[in-house]
Amino acid sequence: MSFSLDDLARIIRTRREATEEASYTKSLFVAGTPRIAKKFGEEAVETVIAALGEDKQALAGEIADVLYHLLVLMEAREIALTDVLAELERRTGQSGLAEKAARGKPS
Ligand SMILES: N=c1c2ncn([C@@H]3O[C@H](COP(=O)(O)OP(=O)(O)OP(=O)(O)O)[C@@H](O)[C@H]3O)c2ncn1[C@@H]1O[C@H](COP(=O)(O)O)[C@@H](O)[C@H]1O
């Protein structure tokens, strides 16, 4: 399997040039960030519900919906996947617990 989130982000970007009639993604761009953020939130809640159930295939489907809507949201707000990955890479230098412990400490 060679398909990546980067490939999906690219497909989503191309839909900026599509028509609303031909593209669900374009219809989200036209509706704007509040609508996209709401869809992302709905899909996240559906993922939470699926995570509490036994059906792993259904959960994978909800996670796919979340990732797609997150990438649409990122494109709408011009957040590049590479920038998010750079932030995640930066965080690999420290464990989550160490980062949490360092938070809010007076310098
Ligand atoms: N991965 C996805 C993807 N995942 C989910 N969805 C859509 O997200 C929507 C999910 O919304 P819901 O389940 O809430 O269903 P709904 O009631 O139809 O949605 P609303 O009316 O509330 O907006 C559905 O219309 C799905 O088809 C996606 N739509 C597009 N993609 C990818 O984006 C590409 C471009 O799609 P278009 O922009 O439609 O050409 C596709 O080839 C896919 O690769």
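Predicted model: local features only at pLDDT ≥ 70, side-chain atom pairs only at ≥ 80, totals over all residues.
Local features rest on pLDDT of at least 70 and side-chain atom pairs on pLDDT 80 or more, while totals for chains, interfaces and linings use all residues. Residues are numbered from 1 along each chain as its sequence is written.

View 1. From the N terminus the elements run α-α-α-α-α-α, where helices are DSSP runs of H or I with at least four residues and strands are runs of E with at least two, numbered from the N terminus. The radius of gyration, taken over C-alpha atoms, is 17 Å, well over the 13 Å that the globule rule gives for 107 residues, so the protein is more spread out than a compact globule; that rule is 2.2 Å times the number of residues to the power 0.38. Along its principal axes the C-alpha trace spans about 55 × 35 × 30 Å.

**View 2. Helix α3 covers residues 33-51.** Its end C-alpha atoms are 26 Å apart, which agrees with the 27 Å that its 19 residues should span at 1.5 Å a residue, the expected span being 1.5 Å times one less than the number of residues.

**View 3. I36, F40 and T47 are the buried residues of α3.** A residue is buried if 20 or more other C-beta atoms, placed from the backbone, lie within 10 Å of its own, exposed if 12 or fewer, and partly exposed in between. On the other side of α3, P34, K38, V45, V48 and I49 are exposed.
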